[in-house]
Amino acid sequence: MEKIKRNILLNPGPSTTTDTVKYAQIVPDICPREKEFAGLMKGLREDLVRIVHGDLDKYTSVLFCGSGTINMDICLNSLLDEGKKILIINNGAYSSRAAEICDYYNLDYINMSFPIDEQPNLEKIEETLKSNQDISLVYTTHNETGTGLLNPIREIGETAHRYGAIFVVDTTSTYAMRPIDIEKDNVDFCMASAQKGLMAFTGLSFVVGNRAIIEKSKDFPRRSYYCNLYRQYDYFERTGEMNFTPPVQTIYATLKALEEYWEEGEEAKWARHTRVFDAINEGLDELGFKQVIAPELRSGLVSTAIYPDDENWDFEKIHDYCYEKGFTIYPGKISGTNTFRLCALGAIDKEDIDAFFITFKEALAKYGVSVPVKYNTK
Ligand SMILES: *Cc1c(COP(=O)(O)O)cnc(C)c1O
């Protein structure tokens, strides 16, 4: 097996993969309608539930061909009954995307905004649920990837359930990294795609959720043909296959990635991501970079640093210098503040971050950015 050039991706996905996962895509051609392929997907669907410690009788997973946003679209448009309302707990770019999806489908929703650098106020959430008895679906994002803020899903889910609403969480940037227990965390539906925590490739996304609720949604309004959760679930249950062509090679890679996931183990994997995250923060702190999210509110996976007030700072140039040396850094996603992100996803470890900071410091020196970096306001 020839070694493939290793790039360290510090963007929020797709993530750095192992060569064994890369090579797992190279398989003899197969028609995905063969029984052999359906057999592979059965095991895969079960493993995706096991990752969040779900009981296989109560929870299931449904696969889709698309990037992670397809899961958001599917959950929002498929799980809302006629005459009911969605409550979006919104403190960042990804929950704002969910609100936009609601707009596209003309779904009745409340967009409950909170500051992007704060956890949402549970009392306000409760008040809203109390005064809007027609809310049947509460939605939020676990790790707001735009900033790296962690939302208290267990508490939000508990509140949602007390008011009879189901709880849907976008866990795309925590799944298979930060441990999740779907039942204990009061989550009815979570989601992810293969290119993030699982360290495989784009093209395969999946919703993990409560089977009884999916079955109940059979009678909900059908708002999309391709992106309907019940339709895909039902097809899987009857045939073991995806309704339409699956991303064949990505599925082979994901199976290999799952093998490596179990081999590494949930705890050890989370410890590794934490090592990487700590090294990122140490590096940023040492250089004097300010971050948007207070340390105690960070998800442990995304660091968002504020551009220094230095006329020589030019993100593009610093990016290009690092990129040439195999490190990818990523712009922020906050309006009004100029930021960049460094993420702890993927098959990387502390040594990679140490190597990155050597390169990053070279870039700062080359372009004359003073270190520690300066900010005008205190
Ligand atoms: C990556 C991500 C998505 C999906 O983005 P795609 O570009 O569609 O893959 C959705 N939600 C969160 C929180 C994410 O981090």
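Me: Where is the place of Tyr-225?
Reply: This is a predicted model, in which local features need pLDDT of at least 70, side-chain atom pairs count only at pLDDT 80 or more, and totals for chains, interfaces and linings use all residues. Residues are numbered from 1 along each chain as its sequence is written, and side-chain values use heavy atoms, leaving out hydrogens and water. Helices (H or I, at least four residues) and strands (E, at least two) are DSSP runs, numbered from the N terminus. Tyr-225 has its place in the loop between α7 (211-216) and α8 (229-239).

Me: Is Tyr-225 buried or exposed?
Reply: Buried means under 20% relative accessible area, exposed over 50%, and partly exposed in between (1.4 Å probe, protein chains only). Because its relative accessibility is 53%, Tyr-225 counts as exposed.

Me: How far is a polar side-chain atom of Ser-67 from an oxygen atom of the ligand?
Reply: Ser-67 is among the residues that come nearest to the ligand, out of 13 around it; a residue is near if one of its heavy atoms lies within 4 Å. Asp-170, also listed among the nearest, has a polar side-chain atom 2.6 Å from a ligand nitrogen. For Ser-67 and a ligand oxygen, the distance is 2.5 Å.

Me: How many of the 10 residues of helix α3 are buried?
Reply: Helix α3 covers residues 69-78 and is mostly covered. Its buried residues include Ile-70, Met-72 and Leu-76.

Me: Which side chain makes a polar contact with the side chain of Asp-103?
Reply: Asp-103 is in helix α4 (residues 93-104) and counts as partly exposed because its relative accessibility is 47%. A polar contact is a pair of N or O atoms within 3.5 Å; within protein, one must be able to donate a hydrogen and the other to accept it, and residues adjacent in sequence count only if both atoms are side-chain atoms. At 3.0 Å, the partner of Asp-103 is the side chain of Tyr-109.
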